[in-house]
Amino acid sequence: MSLDIIKLLPDSVANQIAAGEVIQRPASVVKELIENAIDAGATQIDLVVKDAGRTFITVVDNGCGMSETDARLCFERHATSKIKSADDLFAIRTMGFRGEALASIAAVAQVELMTRREEDEVGTKIRIEGSKVMEQMPKPMSVGTNLMVKNLFFNVPARRNFLKSNEAELRHINEEFFRIAIMNPEVGFTFVSNDKELFHLYPGSLKQRIVGLFGKDYDGKLLPVNQVTESVTIEGFIVKPEFSKKTRGEQYFFVNRRFIKHAYLHHAVENAYKELIPQDCFPGYFLDIQIDPKEIDINIHPTKTEVNFVDVKLIYAIMHSAVRKAIGQNNLAPTLDFDVDPNMGIDFGEASRLDRPVVTPKEDYDPTFNPFKISPIRHQQQNWRIAYDDSGDTVADNHVADNEQLNPSTEEEQKSFYIQLQQSYIVTAVKSGLLVIDQHLAHERILYEKYLKEMETNAKASQQELFPHHISLNINDASLLRELKPELEKIGFMIETMNNTTFVINGTPADCKGSDAVTMIERILEDYKTNMSANQLDRKLNLARSLASQMAVKAGQALNAVEMQDIIDRLFGCAVAEVAPNGRKIFTIINADDIKTHLE
Ligand code: ADP
Ligand code: MG
């Protein structure tokens, strides 16, 4: 006699198992309920939790509400008003669509739903416990929905025991709350935990919402991002590079306002910040990718936050350029207050040499458009007249003859325009105050960009060593030098391989004076290795950085007027004049107003 052994699981057990996929912890309930409220078109959502949501979670909204029948139906598995056919899946714009959340919650908690539509005179109240409807009755109430979830996992002790400390669970709830509240700034939110109001967010702009959630100091830290292309729009805010944090701070991507995680796109942002923030800092961002739902794969697990894009490479490129542009336009340019004080002479170099005709500088066409470019040359061109007009008029409708007299011709006169402070800083006057430049960092930036360019081209300028230097290295360093040799030669080193570990240096880059070639190579290799382990820069970036930091003028090195001028001119001709390759600030402006208050 054979015995059939397969049995169908009782509904209650099946429901509990299915629920486990959607509801792992109190934060999952909070997420699902708030998402439903958003989908229902609510403009005000109030969240209350007790004991980190273990014993009590309620979400009250003023959305569309449900009919009496829907109030019962919504707890059935796969009951949803959001899709009707499989085709709808490819056009989904709501937060939920699987019709599983309420069924799952009802399977593992005691739930009370009160809901009313505009067109109904009275609302409905339903009490459900472990998937069983305990009670249903009419309920007078205002339009909207009130969902109360008590004693989560009351019937699943294993799940209950799996929960973490209240602090940890509350952190999860906070996080889910942030993810939804950020991208719905036109919705008002309150969030009360154990009778304490944690957030009271008024409807407003995205920026106001970020400030409301993460603190007032964010007000001055954000840069708007807005990149509209045919296929996607990327919108939101990034945190200015100088406020990036050493801890992985606020990093939020959204797709059509739904929070996602995306390591590849994160890399695009990080990359855009590269060189602008120190190696051990993280950029902050709140960015929404608006895209046709057809271009993404939404058919993924409900609790997963990953999303697949059809053309992810394209999104990467747009993301990268959007962030670059935001940093370039909004952060760098305005702080570069290079309007010259008309009463203070500043030598802007070539353009002010009136003994030769003034030619409009050519601006090279750059196919790899760099949004950091601030066109300093144009700036100089516009300002040189003003710089030498000491009449006090700001408008430079001046005649060349006047300027000629004012043009400092001797070395002595020129010197007065720059001061070297402690043999480390170059100080000069600009319109708004005193510009103070760190000479080492400035030179490092200049050389860094120069070497990068030279590695791309073949424009080496070499100086022959009078006496070739032998250099002996250990096996690893020798192998590294062999690897870097082609690039080093492009920037002007002449290196000859003698044997496995010995080399001869016949020439060094033209602009590195006075340094000992062997020491230079050793330091570059050391620097390169440190950079390589600290951050995975690509080889050329790493090498350029190591070279620049080794070859730049050091603090404590005296500079003459011509050298100071050269540094200033070249610095402001750099793509990124603000920060050194290692992320440190190169210059600051001491405001004249500040000086004034100091003197009061
Ligand atoms: P889904 O959101 O995936 O459709 P849910 O189980 O979360 O599935 O909700 C089921 C249905 O219940 C929704 O499709 C919606 O019609 C209705 N519903 C849930 N919450 C609300 C709410 N706060 N206001 C109005 N209708 C709601
Ligand atoms: Mg839902």
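Analyst: Happy to; we'll go through some strands, some helix pairs and a few single residues. Keep in mind that this is a predicted model.

User: Great. Let's begin with strands: how do E3 and E4 pair, and over how many bridges?

Analyst: Strand E3, residues 110-116, pairs with E4 in the antiparallel sense, and there are 6 bridges. The two form a hairpin with 6 residues between them. For a spot to look at, find Glu112, which stands opposite Arg127 in E4.

User: And what does E4 do with E5?

Analyst: E4 and E5 also pair in the antiparallel sense, over 7 bridges. Thr124 has Pro138 in E5 as its bridge partner. Their hairpin has 2 residues between the strands, and Gly130 there takes a positive phi near 50°.

User: How many of the residues in E4 are buried?

Analyst: E4 is mostly covered, with 5 of its 7 residues buried.

User: Okay, helices now. How do H6 and H7 pack?

Analyst: Helix H6 (residues 166-182) and helix H7 (residues 206-214) pack at an angle of about 165°, and their axes are 10 Å apart. H6 and H7 are therefore roughly antiparallel to each other, since angles over 145 degrees count that way. H6 passes H7 in a right-handed crossing.

User: Which residues make that contact?

Analyst: From H6 they are Phe177, Phe178, Ala181 and Ile182, and from H7 they are Leu206, Arg209, Leu213 and Phe214. That divides into 7 nonpolar, no polar and 1 charged.

User: What about H13 and H17? At what angle do their axes cross?

Analyst: The axes of helix H13 (residues 439-456) and helix H17 (residues 561-571) cross at roughly 55° and come within 9 Å. That makes H13 oblique to H17. H13 passes H17 in a left-handed crossing.

User: Who's touching whom there?

Analyst: H13 brings Gln439, Ala442, Arg445, Ile446, Leu447 and Lys450, while H17 brings Ile567, Arg570 and Leu571. The residues of this contact divide into 5 nonpolar, 1 polar and 3 charged.

User: Let's switch to the sheet with E19. What is the strand order?

Analyst: It is an open sheet of 3 strands in the order E19-E21-E20, with antiparallel pairing. The edge strands are E19 (462-472) and E20 (494-497), each pairing on one side only. From one strand to the next, the twist averages 20°.

User: How many bridges join E19 to E21?

Analyst: There are 7 bridges joining E19 to strand E21 (residues 502-509), and the two run antiparallel. His469 has Ile505 in E21 as its bridge partner.

User: Which helix lies across E20 and E21?

Analyst: Helix H14, residues 475-490, lies across E20 and E21 and runs at about 140° to E20.

User: What does Ala517 touch?

Analyst: Leaving out residues up to four places away in sequence, Ala517 touches Glu465, His469, Ile505 and Thr508. Ala517 lies in helix H15 (residues 517-534) and is buried, with a relative accessible area of 0%. Ala517 and Ile471 are 46 residues apart in sequence and 9.2 Å apart in space, C-alpha to C-alpha.

Note on methods: Residues are numbered from 1 along each chain as its sequence is written. Chains are lettered from A and ligands numbered from 1 in the order in which they are written. This is a predicted model: local features need pLDDT of at least 70, side-chain atom pairs count only at pLDDT 80 or more; totals for chains, interfaces and linings use all residues. Side-chain values use heavy atoms; hydrogens and water are left out. Helices (H or I, at least four residues) and strands (E, at least two) are DSSP runs, numbered from the N terminus. Buried means under 20% relative accessible area, exposed over 50%, partly exposed in between (1.4 Å probe, protein chains only). Contact means heavy atoms within 4.5 Å. Axes are lines fitted to C-alpha atoms, for helices over the stretch in contact, and angles run from 0 to 180 degrees between N-to-C directions. Angles under 35 degrees count as roughly parallel, over 145 as roughly antiparallel, 65 to 115 as roughly perpendicular and the rest as oblique. A crossing is left-handed if the near helix is turned anticlockwise from the far one by less than a right angle, and right-handed if clockwise. Ala, Val, Leu, Ile, Met, Phe, Trp, Tyr, Cys and Pro count as nonpolar, Asp, Glu, Lys and Arg as charged, and the others, Gly among them, as polar. Two strands pair if DSSP finds at least two bridges between them.
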